[in-house]
Amino acid sequence: MLVSGIPMHRFKDVDPRQDARQKIEAIAPVVGCILDTATGLGYTAIEAARTADRVVTVEIEPLVLEVARLNPWSQALFENPKITQVVGDVYDEIQAFEDHSFTRVIHDPPTFSLAGELYSGAFYRQLFRVLRRGGRLFHYVGDLESRTGYTIARGVGRRLREAGFRRVVCHPRVFGLVAYK
Ligand SMILES: C[S@@+](CC[C@H](N)C(=O)[O-])C[C@H]1O[C@@H](n2cnc3c(N)ncnc32)[C@H](O)[C@@H]1O
């Protein structure tokens with residue numbers, strides 16, 4: 001699926017399911033209550049729900065969920081009782097979640113140029129607030145070995161530390177960072 005011409009999932013050297021698994025593995029063990037900030041076709045939510053007690057997943061665009069309904073690989077999103085869907089803007093919806101209510105956060109937003117607010121210090125402070133002590137955040141940023149990806153990751157890492165995360169580790173194989181509270 002493309003969002004403004006940009007593929008929603010990686011498909012070079014990895015298929016979308018493997019990619020979702022690798023994102024989840026980066027913050028293993030994925031147990032307790034998980035926040036998935038951007039549902040998309042639901043692959044990360046579905047993978048997280050294999051081991052977690054509960055997954056809350058937020059999607060701003062109802063049309064994306066309509067496509068997911070038609071997609072055979074997304075069916076668990078609608079059938080797994082451990083998954084709760086929220087339709088809305090996670091930038092606003094996150095304010096309603098209680099402090100320390102999630103053990104893990106999966107943050108797989110659209111690219112920086114399409115959703116800059118989801119890479120902002122203000123949003124990272126909310127992610128920090130809703131995470132439990134000892135919690136972990138996976139943040140997709142793009143290819144860390146490209147010049148753009150590296151520059152974005154550097155800014156993301158700095159803002160995550162400013163938001164309170166004590167350690168931020170690069171995971172180039174999964175195009176993301178893991179931050180520890
Ligand atoms: C990269 S995709 C997520 C892929 C997903 N992790 C999966 O496994 O299929 C990003 C998704 O975030 C959604 N999105 C964009 N801005 C959002 C926002 N402010 N709040 C919630 N969802 C948003 C887009 O519509 C898109 O479906």
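At 45% relative accessibility, Asp99 counts as partly exposed, a class that runs between buried (under 20% relative accessible area) and exposed (over 50%), as calculated with a 1.4 Å probe and protein chains only. The model is a predicted one, in which local features need pLDDT of at least 70 and side-chain atom pairs count only at pLDDT 80 or more, while totals for chains, interfaces and linings use all residues. Residues are numbered from 1 along each chain as its sequence is written, and side-chain values use heavy atoms, with hydrogens and water left out.

The side chain of Asp99 meets that of Arg129 in a salt bridge, with an N to O distance of 2.8 Å; the term denotes a side-chain nitrogen of Lys or Arg within 4 Å of a carboxyl oxygen of Asp or Glu. This pair links distant parts of the chain, 30 residues apart, with Arg129 in helix H6 and Asp99 in the loop between helix H5 (90–93) and strand S6. Helices (H or I, at least four residues) and strands (E, at least two) are DSSP runs numbered from the N terminus. Arg129 is partly exposed, with a relative accessible area of 22%.

By the same rule, the count comes to seven salt bridges. One of them joins Arg50 and Glu47 at 3.1 Å, N to O. Within this pair, Arg50 counts as exposed at 51% relative accessibility, whereas Glu47 counts as buried at 8%. Another salt bridge is formed by Glu162 and Arg158, whose closest N and O atoms are 3.5 Å apart. These two residues are separated by about one helical turn because they stand four residues apart in helix H7 (residues 147–163). Glu162 is exposed, with a relative accessible area of 59%, and Arg158 is partly exposed at 44%.

Salt bridges also link Arg10, Asp19, Lys23 and Asp108 in a network. Asp108 is placed in the loop between S6 and H6 and counts as buried at 15% relative accessibility. Asp108 and Arg10 are 98 residues apart along the chain, and their C-alpha atoms are separated by 12 Å.

Rolling a probe the size of a water molecule over the atoms shows where empty space is left. A pocket is an open set of points on a 1 Å grid over the protein atoms alone, with protein on both sides within 12 Å along at least five of seven lines; a cavity, by contrast, is a set of points where a 1.4 Å probe fits but cannot get out, and lining residues have an atom within 4 Å of a point. Grid points are joined across faces, edges and corners, and the volume is the space filled by probe spheres set on the points. The largest pocket has a volume of about 970 Å³. It is lined by 47 residues, of which Met8, Asp108, Pro109, Pro110 and Thr111 are the closest to its centre. Two or more lining residues come from each of strand S2 (6–7), helix H1 (16–25), helix H2 (43–48), strand S4 (54–59) and H7. H1 gives the most to this lining, with four residues. By class, the lining of the largest pocket comprises 25 nonpolar, 12 polar and 10 charged residues; Ala, Val, Leu, Ile, Met, Phe, Trp, Tyr, Cys and Pro count as nonpolar, Asp, Glu, Lys and Arg as charged, and the others, Gly among them, as polar.

The second largest pocket holds about 150 Å³ of space. Its lining includes Leu144, Tyr150, Arg154, Arg161 and Cys170. H7 and strand S8 (167–171) each supply at least two residues of this lining, and H7 gives the most, with five. The lining of the second largest pocket divides into seven nonpolar residues, one polar and two charged.

Several backbone features lie in loops. The peptide bond from Ala28 to Pro29 is cis, with omega near 0°, and Pro29 lies in the loop between H1 and strand S3 (33–36). Asp13, although not a glycine, has a positive phi of about 65°. Asp13 is placed in the loop between S2 and H1 and counts as exposed at 74% relative accessibility. Phe175, likewise a residue other than glycine, has a positive phi near 60°. The loop between S8 and strand S9 (176–180) holds Phe175, which is buried with a relative accessible area of 18%.
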